[in-house]
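Please look over the model below before reading the points.

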Amino acid sequence: MSGEVKPPHRLYCCMMLPVESPFLLRPGVINIPAVALGMFSGGLVMKRYKLGIMGAAKFAFGTSLLGFFLSLFFLAMGCENSKVAGITVSYSREEGSSYREPSLFSDCNSGCLCSRREWDPVCGENGITYASPCLAGCVSSSGSGRSTVFDSCRCLALAGQPGNLTATPGRCPGRESCDRIFPYFMALSVLSSFIISLGGTPGFMVLIRCMKPELKSLAIGIHTLATRTLAGIPAPIYFGAIIDTTCLKWGSNICEGRGACRIYDTSAYRILYLGLTLGLRTLSFFLCISGFVFLKRHIRREERYSLTNGSAELDSLRKEENGSVLCEHCLTASDGRHDRETCL
């Protein structure tokens, strides 16, 4: 994560230490093709097996339910928090105390007049990230740019680090567990996205087939409006509010107001984000069950209507057939007489 650009007269400039990984790809780049393929495949399944309204509804519900169970595995895929002194670990390398009682200051940096708002992360030789060279207790530096080395960092000694006690610009990369688990996360994400999107086309066809021809356009409009109003607009607001509660260190902007979040509590982030997502989907399943009840009633009404109209049409056809037989008989009998009769 890069810090804020500081004025030129400041001693230390913010640097970003790039941490490259072959798996650092945007999930959307991989998930979007999977979703497109899933929707196309769902249409092929409907065509191949000639699914009716109830069959399409069951198929859409089944794929959504299977995707829901696959999403539960995301709760077990997590990364440990980055070790940041005074935020996720104490200066003596004791984990878990800082985000309950934030303490960026310690005896090693108490006389440095450091700013609490400053975020110029440096990586110590002990594998712990410090919010700034000042908060790491560094008193001198050598080199420039990415090659800058901060010397005599007194706070590293609290963690039992012997030697020259140096630090380099940027955050420490030591989260190998994330790189190991990321391919499995992406594979599960692609699989669940594909399975859930399989029911997209059948679900939309259920909406179309359940409506009367004169109401189809209105139904699609109301469906789109409800989707935007209940999901598209408010979702970023309450999801953002939930995510903000997991922030451990806020940055500050040029107006001395709250800026972007510098570091999140990854465990709380995962649980709250996935918990809210899975909770909303659980609620949607209850709505789907009620939808099945109304759909069955709708199909029964249509069947009774078809049977009633079918028997009426059959009776009318039989009357027409009987009338045509009588007419032919009447015409045949009248052909043998001299006075022609007309059959009505």
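Predicted model: local features only at pLDDT ≥ 70, side-chain atom pairs only at ≥ 80, totals over all residues.

1. Of the 344 residues of the protein chain, 32% count as buried. Among contacts in the protein chain with a separation of 6 or more, 62% come from residues 24 or more positions apart.

2. Helix α2 has 19 residues and covers residues 53–71. From its first C-alpha to its last, α2 reaches 27 Å, which is close to the 27 Å expected at 1.5 Å a residue. Its buried residues are M54, A56, A57, A60, T63, G67, F68, L70 and S71. As background, an α-helix has 3.6 residues a turn, so residues three or four places apart point the same way.

3. Helix α2 packs with helix α4 (residues 200–210) at an angle of about 145°, and the two axes are 8 Å apart. The crossing in which α2 passes α4 is left-handed. On the α2 side the contact is made by I53, A56, A57, F59 and A60, which meet P202, G203, V206, R209 and C210 in α4. By class, the residues of this contact are eight nonpolar, one polar and one charged. A56, A57 and A60 of α2 take part in this contact and are also listed among the buried residues of the helix.

4. An unreviewed UniProt entry places the feature "transmembrane region" at residues 25–45, 57–77, 181–208, 220–243 and 271–295. Over residues 57–77 the model is 71% helix and 0% strand, with the end C-alpha atoms 32 Å apart. Residues 220–243 are 92% helix and 0% strand, and there the end C-alpha atoms lie 33 Å apart.

5. K50 sits in the loop between α1 (27–49) and α2. K50 is not a glycine, yet its phi is positive, at about 50°. Is K50 buried or exposed? Its relative accessibility is 70%, so K50 counts as exposed, the cut-off being over 50%.

6. L113 lies in the loop between α2 and β1 (122–124). L113 also has a positive phi, of about 55°, although it is not a glycine. With a relative accessible area of 81%, L113 is exposed.

Definitions and conventions: Residues numbered from 1 in each chain as written. Heavy atoms only, no water. Axes fitted to C-alpha atoms, helices over the stretch in contact; angles between N-to-C directions. Helix = DSSP H or I, 4+ residues; strand = E, 2+ residues; numbered from the N terminus. Left-handed = near helix turned anticlockwise from the far one by under 90°. Contact = heavy atoms within 4.5 Å. Nonpolar A, V, L, I, M, F, W, Y, C, P; charged D, E, K, R; others polar. UniProt positions renumbered as here; feature names shortened; annotations may be inferred. Expected span 1.5 Å × (residues − 1). Buried < 20%, exposed > 50% of the residue type's maximum accessible area, 1.4 Å probe, protein only.
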